[in-house]
Amino acid sequence: MTERGLTVGEDGKTRCAWHGNLDDYRRYHDAEWGQPVTSDIRLFEKICLEGFQSGLSWLTILRKREGFRAAFAGFDFDRVAAFGEEDIARCVADTGIVRHRGKIVSTINNARRAQAMRDEFGTLARYFWSFEPGPDERPARVDWATISANPTTPTSVRLSKDLKKRGWTFVGPTTVYAFMQAMGLVNDHVEGCCCRADVELKRNALIRP
């Protein structure tokens, strides 16, 4: 990774360097990371998978994502909320996912918390996007030095605290900020990345929930 956090791919495009030019990781960077998301299912999936990532790399989780989707009913939180001990045992035995009992139980708990959130706000998207930071909370220039020095932000700390108060688990401020970056609540593609302008256009066009 260069000091600027950029790399040039075989296609000649300059991108954020964190994907290491691995095919699947680069596709995720190009097609998903930072794209604004308002789907409740996708938001729930991502915040749960960020919890599973804790102590691991996102690449590990990404490569098991289809296994997670199969294990957790496509992250339909109404279905996951109904999981019981048999489902926990099934997931603990599932080699297609990270078999961490605490994180599996957390996902079921968070599904129930998601139901309560939907009842209160109408959608999970409306809740999460209410924490989108304003311009005054964002750096004047998004460069690698800024991102690498700030794994959390005041906004992610506030969101983390509020989620915990609502009973969510595995939602620390670092986990929450990674979620915000991935779901497009912020655009942290660094200056010079070929994806930055496209993500910004989509964010500007987005009708907030």
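On a 1 Å grid over the protein atoms alone, a pocket is an open set of points with protein on both sides within 12 Å along at least five of seven lines, a cavity is a set where a 1.4 Å probe fits but cannot get out, and lining residues have an atom within 4 Å of a point. The model you have open is predicted, so local features need pLDDT of at least 70 and side-chain atom pairs count only at pLDDT 80 or more, while totals for chains, interfaces and linings use all residues. Residues are numbered from 1 along each chain as its sequence is written, and side-chain values use heavy atoms, without hydrogens and water.

**Stop 1: the second largest pocket.** Select R138, P139, N150, T153 and Y177, which lie nearest the centre of this pocket among its 17 lining residues. Elements giving two or more residues to the lining are α9, α10 and α11 (helices are DSSP runs of H or I, at least four residues, numbered from the N terminus). Its volume is about 190 Å³, counted as the space filled by probe spheres set on grid points joined across faces, edges and corners.

**Stop 2: α10 against α11.** Now select residues 154-165 and 173-182: these helices pack at about 110°, with axes 8 Å apart. Axes are lines fitted to C-alpha atoms over the stretch in contact, and angles run from 0 to 180 degrees between N-to-C directions. The pair is therefore roughly perpendicular (65 to 115 degrees). To see the contact (heavy atoms within 4.5 Å), show T155, S156, V157, L159, S160 and L163 of α10 with P173, V176, Y177 and M180 of α11.

**Stop 3: the largest pocket.** Move to W33, Q53, W58, A178 and Q181, nearest the centre of a pocket lined by 23 residues. About 450 Å³ of space lies here. Helix α11 supplies the largest share of the lining, 6 residues.

**Stop 4: the cavities.** How many cavities of 30 Å³ or more does a search of the whole structure find? The search finds 2. For the largest, with about 80 Å³ of space, select lining residues including Y28, E32, W33, R42 and E45. Helix α2 gives the largest share of that lining, 4 residues.

Conventions. Angles under 35 degrees count as roughly parallel, over 145 as roughly antiparallel, 65 to 115 as roughly perpendicular and the rest as oblique.
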